[in-house]
Amino acid sequence: MPQPSKLSLELAASLAAAAAAVAVFIKLVRRRKSGPGCPPPGPAGFPIVGNLFDLPVNDPWRIYQAWSAQYGSDVVHMRVFGTHMLVINSAKAASELLGRRSAKYSDRPHMPMIQDTIGLSWHFAFMPYGDLWRQHRRLFVQHAHAFDNQNQTKWTKIFLQNLLSTPDDFMEHIQHLASGASLEATFGLQVQPSGQPDPFIGAAKLVVQSIVEAGIFGTYLVDFFPWLRRLPFFSFKKQAAIWRAASDVAAHVPWDLTKKAMESGDFLPSAASVVLSDNEADETVSRQVMAAMFANGSAATVSAIATFILAMVLYPDIQRAAQAEIDKVVPERLPDLTDEHNLPYLTAIIREIGRWNPVAPFAFPHALSADDSYNGYHLKAGTVVIPNSWAILHDPTVYPDPEKFDPSRFLTSDGRINTLVKDPEAVWGYGRRVCPGRKVATSEMFLALAGILKVFDIRPAVSEKGEILLPAGDYEGGLLRYPKPFKCSIRPRSTKLAVLLQ
Ligand code: HEM
(Lines give C-alpha, C1' and ligand atoms only; values in the text may rest on other atoms or scores of the structure.)
Protein backbone atom coordinates (compact mmCIF):
# COMPACT_ATOMS: atom_id res chain seq x y z
CA MET A 1 0.00 0.00 0.00
CA PRO A 2 1.52 3.42 -0.95
CA GLN A 3 2.44 5.64 2.04
CA PRO A 4 1.00 9.21 2.12
CA SER A 5 3.62 11.80 1.28
CA LYS A 6 4.64 14.46 3.84
CA LEU A 7 3.15 17.06 1.52
CA SER A 8 -0.26 15.39 1.40
CA LEU A 9 -0.25 14.96 5.21
CA GLU A 10 0.54 18.66 5.62
CA LEU A 11 -2.19 19.56 3.12
CA ALA A 12 -4.74 17.40 4.95
CA ALA A 13 -3.78 18.94 8.30
CA SER A 14 -4.07 22.47 6.85
CA LEU A 15 -7.50 21.70 5.35
CA ALA A 16 -8.72 20.27 8.66
CA ALA A 17 -7.47 23.36 10.52
CA ALA A 18 -9.15 25.66 7.97
CA ALA A 19 -12.43 23.73 8.25
CA ALA A 20 -12.31 23.96 12.05
CA ALA A 21 -11.65 27.72 11.83
CA VAL A 22 -14.61 28.19 9.47
CA ALA A 23 -16.84 26.15 11.82
CA VAL A 24 -15.79 28.28 14.83
CA PHE A 25 -16.34 31.46 12.78
CA ILE A 26 -19.82 30.34 11.70
CA LYS A 27 -20.67 29.41 15.28
CA LEU A 28 -19.51 32.82 16.52
CA VAL A 29 -21.34 34.90 13.91
CA ARG A 30 -24.49 32.80 14.30
CA ARG A 31 -24.61 33.14 18.09
CA ARG A 32 -27.65 35.18 19.07
CA LYS A 33 -27.93 37.45 22.03
CA SER A 34 -30.83 36.34 24.16
CA GLY A 35 -32.53 37.48 27.34
CA PRO A 36 -34.38 40.55 28.60
CA GLY A 37 -34.25 43.54 26.25
CA CYS A 38 -33.30 41.32 23.29
CA PRO A 39 -35.63 40.01 20.59
CA PRO A 40 -37.42 36.75 21.41
CA PRO A 41 -35.42 33.58 20.76
CA GLY A 42 -35.25 31.85 17.39
CA PRO A 43 -32.81 30.16 15.08
CA ALA A 44 -29.40 31.81 14.71
CA GLY A 45 -29.02 33.40 11.31
CA PHE A 46 -26.11 34.31 9.07
CA PRO A 47 -24.66 37.76 8.50
CA ILE A 48 -26.62 39.89 5.97
CA VAL A 49 -29.18 37.22 4.90
CA GLY A 50 -30.15 36.55 8.52
CA ASN A 51 -32.65 33.67 8.75
CA LEU A 52 -33.34 33.46 5.01
CA PHE A 53 -32.34 29.78 4.96
CA ASP A 54 -34.42 29.01 8.04
CA LEU A 55 -37.70 30.07 6.37
CA PRO A 56 -39.50 26.71 6.09
CA VAL A 57 -40.96 25.75 2.72
CA ASN A 58 -43.32 22.89 3.63
CA ASP A 59 -45.92 23.15 6.39
CA PRO A 60 -44.13 26.11 8.02
CA TRP A 61 -46.80 26.24 10.77
CA ARG A 62 -45.60 22.87 12.10
CA ILE A 63 -41.97 23.95 12.06
CA TYR A 64 -42.67 27.25 13.82
CA GLN A 65 -44.67 25.34 16.44
CA ALA A 66 -41.66 23.04 17.01
CA TRP A 67 -39.39 26.09 17.40
CA SER A 68 -41.49 27.26 20.35
CA ALA A 69 -40.80 23.95 22.12
CA GLN A 70 -37.11 24.09 21.13
CA TYR A 71 -36.52 27.68 22.30
CA GLY A 72 -38.90 27.59 25.27
CA SER A 73 -40.93 30.62 24.21
CA ASP A 74 -44.47 31.01 22.82
CA VAL A 75 -43.18 33.68 20.44
CA VAL A 76 -40.15 33.20 18.19
CA HIS A 77 -38.18 35.72 16.22
CA MET A 78 -36.37 35.77 12.89
CA ARG A 79 -34.62 38.44 10.93
CA VAL A 80 -34.34 38.25 7.16
CA PHE A 81 -32.27 40.91 5.33
CA GLY A 82 -32.90 43.23 8.25
CA THR A 83 -36.69 42.65 8.39
CA HIS A 84 -37.78 41.48 11.85
CA MET A 85 -40.37 38.70 11.90
CA LEU A 86 -42.29 37.46 14.94
CA VAL A 87 -44.24 34.20 14.98
CA ILE A 88 -46.97 33.91 17.63
CA ASN A 89 -47.47 30.28 18.57
CA SER A 90 -49.91 30.39 21.52
CA ALA A 91 -53.47 31.56 22.17
CA LYS A 92 -52.18 33.43 25.23
CA ALA A 93 -49.67 35.51 23.25
CA ALA A 94 -52.18 36.04 20.41
CA SER A 95 -54.81 37.29 22.82
CA GLU A 96 -52.34 39.57 24.63
CA LEU A 97 -50.63 41.06 21.55
CA LEU A 98 -53.17 40.90 18.71
CA GLY A 99 -56.19 41.28 20.99
CA ARG A 100 -55.47 43.41 24.05
CA ARG A 101 -52.76 45.46 22.34
CA SER A 102 -54.54 45.56 18.96
CA ALA A 103 -53.93 49.32 18.56
CA LYS A 104 -50.28 48.44 17.89
CA TYR A 105 -50.75 45.14 16.06
CA SER A 106 -53.40 45.89 13.41
CA ASP A 107 -51.16 47.17 10.66
CA ARG A 108 -50.20 45.09 7.62
CA PRO A 109 -46.63 44.80 6.39
CA HIS A 110 -45.81 46.38 3.06
CA MET A 111 -45.94 43.42 0.66
CA PRO A 112 -44.70 44.69 -2.70
CA MET A 113 -45.64 41.50 -4.55
CA ILE A 114 -49.32 41.57 -3.51
CA GLN A 115 -49.85 45.30 -3.20
CA ASP A 116 -47.77 46.75 -6.03
CA THR A 117 -46.86 44.04 -8.56
CA ILE A 118 -50.22 42.24 -8.51
CA GLY A 119 -51.97 45.51 -7.73
CA LEU A 120 -54.21 44.37 -4.86
CA SER A 121 -53.61 47.59 -2.92
CA TRP A 122 -57.29 48.41 -3.54
CA HIS A 123 -58.28 45.49 -1.26
CA PHE A 124 -58.59 46.60 2.37
CA ALA A 125 -57.27 43.23 3.62
CA PHE A 126 -53.85 44.48 2.48
CA MET A 127 -54.18 48.14 3.46
CA PRO A 128 -52.15 49.69 6.25
CA TYR A 129 -54.06 50.30 9.47
CA GLY A 130 -55.46 53.83 9.31
CA ASP A 131 -58.37 56.00 8.25
CA LEU A 132 -58.70 54.65 4.71
CA TRP A 133 -58.77 51.03 5.96
CA ARG A 134 -61.32 52.06 8.63
CA GLN A 135 -63.54 53.67 5.98
CA HIS A 136 -63.39 50.53 3.81
CA ARG A 137 -64.08 48.14 6.65
CA ARG A 138 -67.00 50.21 7.95
CA LEU A 139 -68.62 50.18 4.51
CA PHE A 140 -68.12 46.40 4.27
CA VAL A 141 -69.77 45.83 7.65
CA GLN A 142 -72.70 48.14 6.73
CA HIS A 143 -73.46 46.16 3.58
CA ALA A 144 -72.54 42.53 4.39
CA HIS A 145 -76.22 41.86 5.24
CA ALA A 146 -76.78 41.67 1.46
CA PHE A 147 -75.84 38.01 1.97
CA ASP A 148 -79.26 37.51 3.52
CA ASN A 149 -81.30 34.40 4.17
CA GLN A 150 -83.00 34.60 0.77
CA ASN A 151 -79.67 34.83 -1.08
CA GLN A 152 -78.04 32.00 0.85
CA THR A 153 -81.06 29.68 0.74
CA LYS A 154 -81.41 30.17 -3.02
CA TRP A 155 -77.74 29.42 -3.71
CA THR A 156 -77.67 26.43 -1.36
CA LYS A 157 -80.53 24.88 -3.30
CA ILE A 158 -78.78 25.50 -6.63
CA PHE A 159 -75.65 23.92 -5.13
CA LEU A 160 -77.51 20.81 -3.92
CA GLN A 161 -79.22 20.45 -7.30
CA ASN A 162 -75.83 20.65 -9.02
CA LEU A 163 -74.52 17.96 -6.66
CA LEU A 164 -77.47 15.77 -7.59
CA SER A 165 -76.83 16.11 -11.34
CA THR A 166 -73.03 15.87 -11.51
CA PRO A 167 -71.74 14.81 -8.08
CA ASP A 168 -68.19 14.13 -9.27
CA ASP A 169 -67.78 17.85 -10.01
CA PHE A 170 -68.36 18.75 -6.37
CA MET A 171 -65.34 21.10 -6.20
CA GLU A 172 -66.67 23.16 -9.11
CA HIS A 173 -70.12 23.27 -7.51
CA ILE A 174 -68.69 24.53 -4.21
CA GLN A 175 -66.87 27.34 -6.03
CA HIS A 176 -70.06 28.09 -7.97
CA LEU A 177 -72.04 28.32 -4.71
CA ALA A 178 -69.59 30.72 -3.08
CA SER A 179 -69.03 32.95 -6.12
CA GLY A 180 -72.66 32.84 -7.29
CA ALA A 181 -74.03 33.91 -3.89
CA SER A 182 -71.30 36.50 -3.54
CA LEU A 183 -71.72 38.07 -7.00
CA GLU A 184 -75.49 38.32 -6.58
CA ALA A 185 -75.37 39.71 -3.02
CA THR A 186 -72.65 42.19 -3.86
CA PHE A 187 -73.53 43.28 -7.41
CA GLY A 188 -76.91 41.76 -8.29
CA LEU A 189 -75.22 39.92 -11.20
CA GLN A 190 -75.51 36.26 -12.17
CA VAL A 191 -72.81 33.67 -12.87
CA GLN A 192 -73.11 31.06 -15.63
CA PRO A 193 -74.42 27.62 -14.64
CA SER A 194 -71.85 25.49 -12.79
CA GLY A 195 -69.36 23.84 -15.12
CA GLN A 196 -69.57 26.54 -17.80
CA PRO A 197 -66.78 29.11 -18.14
CA ASP A 198 -67.65 32.27 -16.26
CA PRO A 199 -65.61 35.48 -16.41
CA PHE A 200 -66.42 36.53 -12.82
CA ILE A 201 -65.62 33.15 -11.28
CA GLY A 202 -62.48 33.02 -13.44
CA ALA A 203 -61.31 36.44 -12.21
CA ALA A 204 -62.19 35.67 -8.57
CA LYS A 205 -60.28 32.37 -8.69
CA LEU A 206 -57.18 34.09 -10.05
CA VAL A 207 -57.36 36.85 -7.43
CA VAL A 208 -57.71 34.21 -4.71
CA GLN A 209 -54.82 32.22 -6.24
CA SER A 210 -52.62 35.31 -6.09
CA ILE A 211 -53.50 35.79 -2.41
CA VAL A 212 -52.85 32.09 -1.73
CA GLU A 213 -49.45 32.14 -3.39
CA ALA A 214 -48.11 35.57 -2.53
CA GLY A 215 -49.91 36.27 0.75
CA ILE A 216 -47.33 34.70 3.07
CA PHE A 217 -44.78 37.43 3.70
CA GLY A 218 -41.38 36.53 2.27
CA THR A 219 -42.56 33.98 -0.30
CA TYR A 220 -41.14 36.29 -2.95
CA LEU A 221 -37.76 37.98 -2.50
CA VAL A 222 -39.37 41.20 -3.71
CA ASP A 223 -41.07 41.43 -0.28
CA PHE A 224 -37.60 42.09 1.17
CA PHE A 225 -36.23 44.07 -1.81
CA PRO A 226 -39.04 46.10 -3.40
CA TRP A 227 -36.63 47.44 -6.06
CA LEU A 228 -36.38 43.93 -7.57
CA ARG A 229 -39.74 44.45 -9.24
CA ARG A 230 -38.27 47.14 -11.42
CA LEU A 231 -35.79 44.70 -12.99
CA PRO A 232 -37.08 43.42 -16.33
CA PHE A 233 -35.81 39.84 -16.10
CA PHE A 234 -37.47 38.57 -12.93
CA SER A 235 -39.66 35.59 -13.71
CA PHE A 236 -42.33 36.40 -11.13
CA LYS A 237 -43.45 39.29 -13.34
CA LYS A 238 -45.09 37.01 -15.92
CA GLN A 239 -47.36 35.29 -13.40
CA ALA A 240 -47.97 38.59 -11.63
CA ALA A 241 -49.20 40.14 -14.92
CA ILE A 242 -51.91 37.44 -15.18
CA TRP A 243 -52.97 38.02 -11.59
CA ARG A 244 -52.91 41.77 -12.09
CA ALA A 245 -55.27 41.53 -15.07
CA ALA A 246 -57.69 39.45 -12.95
CA SER A 247 -57.41 41.94 -10.09
CA ASP A 248 -58.32 44.77 -12.50
CA VAL A 249 -61.34 42.84 -13.78
CA ALA A 250 -62.57 42.15 -10.22
CA ALA A 251 -61.99 45.76 -9.18
CA HIS A 252 -63.86 47.35 -12.14
CA VAL A 253 -66.02 45.14 -14.35
CA PRO A 254 -68.84 44.05 -11.98
CA TRP A 255 -69.12 47.58 -10.60
CA ASP A 256 -69.37 49.11 -14.08
CA LEU A 257 -71.99 46.52 -15.11
CA THR A 258 -74.08 47.24 -12.01
CA LYS A 259 -73.89 50.96 -12.73
CA LYS A 260 -75.07 50.42 -16.31
CA ALA A 261 -77.87 48.13 -15.17
CA MET A 262 -79.03 50.78 -12.71
CA GLU A 263 -78.98 53.45 -15.40
CA SER A 264 -81.22 51.23 -17.54
CA GLY A 265 -83.49 50.60 -14.54
CA ASP A 266 -83.16 46.80 -14.94
CA PHE A 267 -81.18 45.57 -11.94
CA LEU A 268 -81.39 43.31 -8.90
CA PRO A 269 -81.05 44.99 -5.47
CA SER A 270 -77.57 44.37 -4.05
CA ALA A 271 -74.95 45.91 -1.76
CA ALA A 272 -73.57 47.83 -4.77
CA SER A 273 -76.98 49.14 -5.86
CA VAL A 274 -77.58 50.49 -2.36
CA VAL A 275 -74.19 52.24 -2.25
CA LEU A 276 -74.65 53.56 -5.78
CA SER A 277 -77.93 55.20 -4.75
CA ASP A 278 -76.14 57.04 -1.95
CA ASN A 279 -74.99 60.37 -3.39
CA GLU A 280 -72.68 60.97 -0.42
CA ALA A 281 -70.69 57.73 -0.90
CA ASP A 282 -67.16 57.98 -2.27
CA GLU A 283 -67.25 56.10 -5.59
CA THR A 284 -63.69 54.72 -5.54
CA VAL A 285 -63.98 53.48 -1.96
CA SER A 286 -67.39 51.93 -2.66
CA ARG A 287 -66.20 50.20 -5.83
CA GLN A 288 -63.14 48.75 -4.08
CA VAL A 289 -65.05 47.57 -1.02
CA MET A 290 -67.62 45.81 -3.20
CA ALA A 291 -64.82 44.13 -5.15
CA ALA A 292 -63.24 42.95 -1.87
CA MET A 293 -66.62 41.61 -0.71
CA PHE A 294 -67.06 39.64 -3.94
CA ALA A 295 -63.47 38.33 -4.00
CA ASN A 296 -63.41 37.18 -0.37
CA GLY A 297 -66.91 35.79 -0.65
CA SER A 298 -65.43 33.49 -3.32
CA ALA A 299 -62.47 32.27 -1.27
CA ALA A 300 -62.21 30.66 2.15
CA THR A 301 -65.67 29.05 2.40
CA VAL A 302 -64.77 26.96 -0.67
CA SER A 303 -61.92 25.37 1.26
CA ALA A 304 -64.02 24.87 4.40
CA ILE A 305 -66.86 23.09 2.56
CA ALA A 306 -64.33 20.91 0.69
CA THR A 307 -62.73 20.03 4.05
CA PHE A 308 -66.17 18.98 5.30
CA ILE A 309 -66.61 16.59 2.36
CA LEU A 310 -63.14 15.17 3.00
CA ALA A 311 -63.94 14.66 6.69
CA MET A 312 -67.21 12.90 5.87
CA VAL A 313 -65.37 10.45 3.56
CA LEU A 314 -62.76 9.72 6.23
CA TYR A 315 -65.10 9.61 9.26
CA PRO A 316 -68.33 7.79 8.26
CA ASP A 317 -69.52 7.37 11.87
CA ILE A 318 -69.50 11.13 12.35
CA GLN A 319 -71.50 11.54 9.14
CA ARG A 320 -74.11 9.05 10.36
CA ALA A 321 -74.38 10.78 13.76
CA ALA A 322 -74.86 14.17 12.06
CA GLN A 323 -77.54 12.74 9.74
CA ALA A 324 -79.35 11.18 12.70
CA GLU A 325 -79.42 14.55 14.48
CA ILE A 326 -80.79 16.34 11.40
CA ASP A 327 -83.40 13.64 10.69
CA LYS A 328 -84.63 13.92 14.27
CA VAL A 329 -84.89 17.74 14.30
CA VAL A 330 -85.96 18.31 10.68
CA PRO A 331 -87.63 15.11 9.43
CA GLU A 332 -89.52 16.37 6.38
CA ARG A 333 -87.72 19.36 4.85
CA LEU A 334 -84.34 20.93 4.13
CA PRO A 335 -82.85 22.51 7.26
CA ASP A 336 -82.81 26.32 7.42
CA LEU A 337 -81.08 28.89 9.61
CA THR A 338 -83.81 28.73 12.28
CA ASP A 339 -82.73 25.14 12.99
CA GLU A 340 -79.17 26.08 13.86
CA HIS A 341 -79.59 26.19 17.65
CA ASN A 342 -81.29 22.76 17.62
CA LEU A 343 -78.35 21.11 15.82
CA PRO A 344 -75.42 21.23 18.27
CA TYR A 345 -73.66 18.26 16.62
CA LEU A 346 -73.57 20.12 13.30
CA THR A 347 -72.39 23.27 15.08
CA ALA A 348 -69.59 21.17 16.60
CA ILE A 349 -68.71 19.82 13.13
CA ILE A 350 -68.42 23.37 11.77
CA ARG A 351 -66.10 24.31 14.65
CA GLU A 352 -64.02 21.19 14.16
CA ILE A 353 -63.61 21.78 10.40
CA GLY A 354 -62.02 25.15 11.11
CA ARG A 355 -59.83 23.76 13.87
CA TRP A 356 -58.76 20.52 12.17
CA ASN A 357 -57.60 22.04 8.90
CA PRO A 358 -57.77 25.83 9.21
CA VAL A 359 -58.25 27.60 5.88
CA ALA A 360 -55.81 30.32 6.87
CA PRO A 361 -53.14 28.68 9.09
CA PHE A 362 -51.30 32.02 9.48
CA ALA A 363 -54.42 34.26 9.30
CA PHE A 364 -53.12 37.27 7.32
CA PRO A 365 -49.79 38.85 8.31
CA HIS A 366 -50.06 41.69 10.83
CA ALA A 367 -47.41 44.35 11.48
CA LEU A 368 -46.29 46.07 14.66
CA SER A 369 -46.63 49.85 14.38
CA ALA A 370 -44.67 50.92 17.53
CA ASP A 371 -41.93 49.41 19.71
CA ASP A 372 -43.26 46.96 22.27
CA SER A 373 -42.15 44.29 24.72
CA TYR A 374 -43.47 40.85 25.64
CA ASN A 375 -42.22 38.58 28.43
CA GLY A 376 -39.21 40.91 28.72
CA TYR A 377 -38.31 40.59 25.04
CA HIS A 378 -37.98 43.69 22.92
CA LEU A 379 -40.15 43.93 19.78
CA LYS A 380 -39.25 46.54 17.21
CA ALA A 381 -41.73 48.75 15.33
CA GLY A 382 -42.10 47.44 11.77
CA THR A 383 -41.85 43.78 12.81
CA VAL A 384 -43.89 41.49 10.56
CA VAL A 385 -46.18 39.49 12.84
CA ILE A 386 -47.23 35.98 11.80
CA PRO A 387 -50.04 34.54 13.94
CA ASN A 388 -49.62 30.76 13.85
CA SER A 389 -53.32 29.89 14.03
CA TRP A 390 -52.53 26.29 13.08
CA ALA A 391 -50.36 25.90 16.22
CA ILE A 392 -53.02 27.56 18.38
CA LEU A 393 -55.72 25.26 16.99
CA HIS A 394 -53.49 22.18 17.37
CA ASP A 395 -52.41 22.87 20.94
CA PRO A 396 -52.78 19.42 22.56
CA THR A 397 -53.35 20.94 25.99
CA VAL A 398 -56.52 22.63 24.68
CA TYR A 399 -57.55 20.14 21.98
CA PRO A 400 -56.25 16.64 22.91
CA ASP A 401 -55.22 14.44 19.94
CA PRO A 402 -55.36 17.51 17.69
CA GLU A 403 -54.78 15.71 14.36
CA LYS A 404 -58.01 13.73 14.82
CA PHE A 405 -61.29 15.05 13.40
CA ASP A 406 -63.49 14.82 16.47
CA PRO A 407 -66.47 17.20 16.76
CA SER A 408 -67.45 15.63 20.09
CA ARG A 409 -64.55 17.53 21.71
CA PHE A 410 -66.88 20.56 21.61
CA LEU A 411 -69.83 18.73 23.22
CA THR A 412 -70.89 17.78 26.72
CA SER A 413 -71.71 14.14 27.45
CA ASP A 414 -75.42 14.92 26.89
CA GLY A 415 -74.73 16.43 23.45
CA ARG A 416 -74.85 20.16 24.14
CA ILE A 417 -72.12 22.64 23.14
CA ASN A 418 -69.55 22.53 25.94
CA THR A 419 -68.85 26.12 26.89
CA LEU A 420 -65.75 25.01 28.82
CA VAL A 421 -63.95 24.02 25.59
CA LYS A 422 -62.39 26.95 23.81
CA ASP A 423 -64.30 28.02 20.70
CA PRO A 424 -61.65 27.85 17.93
CA GLU A 425 -61.92 31.57 17.24
CA ALA A 426 -58.38 31.74 15.85
CA VAL A 427 -59.89 30.40 12.61
CA TRP A 428 -61.22 33.93 11.97
CA GLY A 429 -58.08 35.93 12.75
CA TYR A 430 -57.40 38.52 15.37
CA GLY A 431 -58.18 41.86 16.97
CA ARG A 432 -59.33 44.70 14.76
CA ARG A 433 -58.54 42.68 11.62
CA VAL A 434 -60.76 39.73 12.57
CA CYS A 435 -62.69 38.40 9.55
CA PRO A 436 -65.65 40.73 8.89
CA GLY A 437 -67.29 37.99 6.78
CA ARG A 438 -67.46 35.49 9.64
CA LYS A 439 -71.27 35.58 9.97
CA VAL A 440 -71.75 35.29 6.23
CA ALA A 441 -69.35 32.33 6.08
CA THR A 442 -70.86 30.51 9.07
CA SER A 443 -74.42 30.66 7.76
CA GLU A 444 -73.30 29.71 4.23
CA MET A 445 -71.49 26.70 5.68
CA PHE A 446 -74.37 25.76 7.94
CA LEU A 447 -76.88 25.71 5.08
CA ALA A 448 -74.57 23.84 2.70
CA LEU A 449 -73.50 21.22 5.26
CA ALA A 450 -76.99 20.67 6.65
CA GLY A 451 -78.39 20.34 3.11
CA ILE A 452 -75.70 17.85 2.07
CA LEU A 453 -76.19 15.74 5.20
CA LYS A 454 -79.96 15.76 4.82
CA VAL A 455 -80.01 14.65 1.17
CA PHE A 456 -76.77 12.83 0.40
CA ASP A 457 -74.48 10.07 1.59
CA ILE A 458 -70.80 10.78 1.06
CA ARG A 459 -68.68 7.66 0.68
CA PRO A 460 -65.18 6.85 -0.53
CA ALA A 461 -64.80 6.31 -4.28
CA VAL A 462 -64.43 2.71 -5.44
CA SER A 463 -61.99 1.64 -8.16
CA GLU A 464 -62.99 -0.49 -11.17
CA LYS A 465 -61.52 -3.47 -9.31
CA GLY A 466 -63.79 -2.75 -6.36
CA GLU A 467 -61.07 -1.33 -4.09
CA ILE A 468 -62.03 1.47 -1.71
CA LEU A 469 -60.06 4.62 -2.55
CA LEU A 470 -59.57 6.65 0.59
CA PRO A 471 -58.23 10.19 0.01
CA ALA A 472 -54.82 10.92 1.52
CA GLY A 473 -56.16 14.11 3.11
CA ASP A 474 -53.35 16.27 1.72
CA TYR A 475 -53.62 20.01 1.27
CA GLU A 476 -52.11 22.54 -1.10
CA GLY A 477 -51.73 26.28 -0.98
CA GLY A 478 -50.08 28.95 1.11
CA LEU A 479 -51.92 31.77 2.86
CA LEU A 480 -55.16 29.88 2.22
CA ARG A 481 -55.14 26.06 2.08
CA TYR A 482 -57.38 23.79 0.01
CA PRO A 483 -57.70 19.99 0.08
CA LYS A 484 -55.82 18.48 -2.86
CA PRO A 485 -58.27 17.13 -5.48
CA PHE A 486 -59.80 13.84 -4.33
CA LYS A 487 -62.53 11.53 -5.51
CA CYS A 488 -65.58 10.42 -3.56
CA SER A 489 -69.10 9.19 -4.12
CA ILE A 490 -71.96 11.61 -3.37
CA ARG A 491 -75.35 9.95 -3.85
CA PRO A 492 -78.88 10.77 -2.59
CA ARG A 493 -79.80 8.87 0.55
CA SER A 494 -83.22 8.12 -0.99
CA THR A 495 -85.40 9.24 -3.91
CA LYS A 496 -87.82 10.70 -1.36
CA LEU A 497 -85.08 13.00 -0.04
CA ALA A 498 -83.90 13.97 -3.55
CA VAL A 499 -87.43 15.30 -4.13
CA LEU A 500 -86.70 17.99 -1.51
CA LEU A 501 -84.44 19.63 -4.10
CA GLN A 502 -87.18 20.20 -6.68
C1 HEM B 1 -64.67 29.82 6.26
C2 HEM B 1 -64.65 31.04 5.78
C3 HEM B 1 -63.70 32.14 6.19
C4 HEM B 1 -62.59 32.09 7.00
C5 HEM B 1 -62.03 30.89 7.76
C6 HEM B 1 -62.03 33.43 7.04
C7 HEM B 1 -60.89 33.78 7.74
C8 HEM B 1 -60.30 35.03 7.69
C9 HEM B 1 -59.05 35.36 8.32
C10 HEM B 1 -58.21 34.40 9.15
C11 HEM B 1 -58.78 36.66 8.05
C12 HEM B 1 -57.54 37.45 8.49
C13 HEM B 1 -57.77 38.11 9.84
C14 HEM B 1 -56.52 38.75 10.39
O15 HEM B 1 -55.83 39.46 9.66
O16 HEM B 1 -56.21 38.54 11.57
C17 HEM B 1 -59.87 37.17 7.24
C18 HEM B 1 -59.94 38.45 6.75
C19 HEM B 1 -60.96 38.91 5.93
N20 HEM B 1 -62.08 38.20 5.54
FE21 HEM B 1 -62.50 36.27 5.99
N22 HEM B 1 -62.80 34.25 6.26
C23 HEM B 1 -63.83 33.51 5.73
C24 HEM B 1 -64.84 33.96 4.90
C25 HEM B 1 -65.00 35.27 4.50
C26 HEM B 1 -66.10 35.75 3.69
C27 HEM B 1 -67.28 34.89 3.21
C28 HEM B 1 -65.88 37.09 3.47
C29 HEM B 1 -66.71 38.09 2.71
C30 HEM B 1 -67.97 37.98 2.41
C31 HEM B 1 -64.63 37.45 4.14
C32 HEM B 1 -64.05 38.70 4.15
C33 HEM B 1 -62.84 39.01 4.74
C34 HEM B 1 -62.18 40.32 4.61
C35 HEM B 1 -62.69 41.51 3.81
C36 HEM B 1 -60.99 40.25 5.37
C37 HEM B 1 -59.96 41.36 5.59
C38 HEM B 1 -60.22 42.08 6.92
C39 HEM B 1 -59.26 43.21 7.23
O40 HEM B 1 -58.10 43.17 6.86
O41 HEM B 1 -59.71 44.17 7.91
N42 HEM B 1 -64.14 36.32 4.77
N43 HEM B 1 -60.79 36.14 7.03
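This is a predicted model: local features need pLDDT of at least 70, side-chain atom pairs count only at pLDDT 80 or more; totals for chains, interfaces and linings use all residues.

Reply: Glycine 195 is exposed, with a relative accessible area of 53%; exposed means over 50%, buried under 20%, and partly exposed in between, for a 1.4 Å probe and protein chains only. The residue sits in the loop between helix H8 (170–187) and helix H9 (199–214). Helices here are DSSP runs of H or I with at least four residues, strands are runs of E with at least two, and both are numbered from the N terminus.

Residues are numbered from 1 along each chain as its sequence is written, and side-chain values use heavy atoms, with hydrogens and water left out. The protein has a mean pLDDT of 93, and 92% of its residues reach 70 or more; pLDDT is the predictor's confidence in each residue, from 0 to 100. For the complex the predictor gives an ipTM of 0.99 and a pTM of 0.92.

Two other loop residues have a positive phi without being glycine. Alanine 363, with phi near 45°, is in the loop between helix H15 (344–356) and strand S3 (366–367). Alanine 363 counts as buried, at 8% relative accessibility. Aspartate 401 has phi near 50° and belongs to the loop between H16 and H17.

The loop between helix H16 (389–393) and helix H17 (438–455) also holds cysteine 435. The SG atom of Cys435 is the only protein donor of the iron atom of the ligand, at 2.3 Å. Donors are N, O and S atoms within 2.8 Å of the metal (3.2 Å for Na, K and Ca), and sites may look incomplete because water is not among the atoms.

Around the ligand there are 25 residues, the closest being Arg108, Arg137, His366, Arg433 and Cys435; a residue is counted if one of its heavy atoms lies within 4 Å. This shell is made up of 16 nonpolar, 6 polar and 3 charged residues. In that sorting Ala, Val, Leu, Ile, Met, Phe, Trp, Tyr, Cys and Pro are nonpolar, Asp, Glu, Lys and Arg are charged, and the others, Gly among them, are polar.

Histidine 366 brings a polar side-chain atom to 2.8 Å from a ligand oxygen. For arginine 433, a side-chain N or O atom is 2.9 Å from a ligand oxygen, whereas tyrosine 430 uses a polar backbone atom, at 3.0 Å. Helix H6 (131–143), helix H12 (283–297) and helix H13 (300–314) are the elements that give two or more residues to the shell.

A salt bridge is a side-chain nitrogen of Lys or Arg within 4 Å of a carboxyl oxygen of Asp or Glu, and the count is 19. Glutamate 283 pairs with lysine 259, with the closest N and O atoms 3.0 Å apart. Glutamate 283 is partly exposed at 37%, and lysine 259 is partly exposed at 27%.

Lysine 454 forms a salt bridge with aspartate 327, the closest N and O atoms being 3.1 Å apart. Lysine 454 lies in helix H17 and aspartate 327 in helix H14 (residues 316–329), so this bridge ties together parts 127 residues apart in sequence. Lysine 454 is buried at 1%, and aspartate 327 is partly exposed at 27%.

Aspartate 336 and arginine 333 meet in a salt bridge of 3.5 Å, N to O. Both ends are partly exposed, aspartate 336 at 26% and arginine 333 at 35%. Elsewhere, shared partners join Glu96, Arg100, Arg101, Lys104 and Asp372 into one network of salt bridges.

Alanine 103, in helix H4 (residues 102–105), is partly exposed at 45%. The C-alpha of alanine 103 is 9.5 Å from that of alanine 370, although the two are 267 residues apart along the chain.

Terms used: A polar contact is a pair of N or O atoms within 3.5 Å; within protein, one must be able to donate a hydrogen and the other to accept it, and residues adjacent in sequence count only if both atoms are side-chain atoms.
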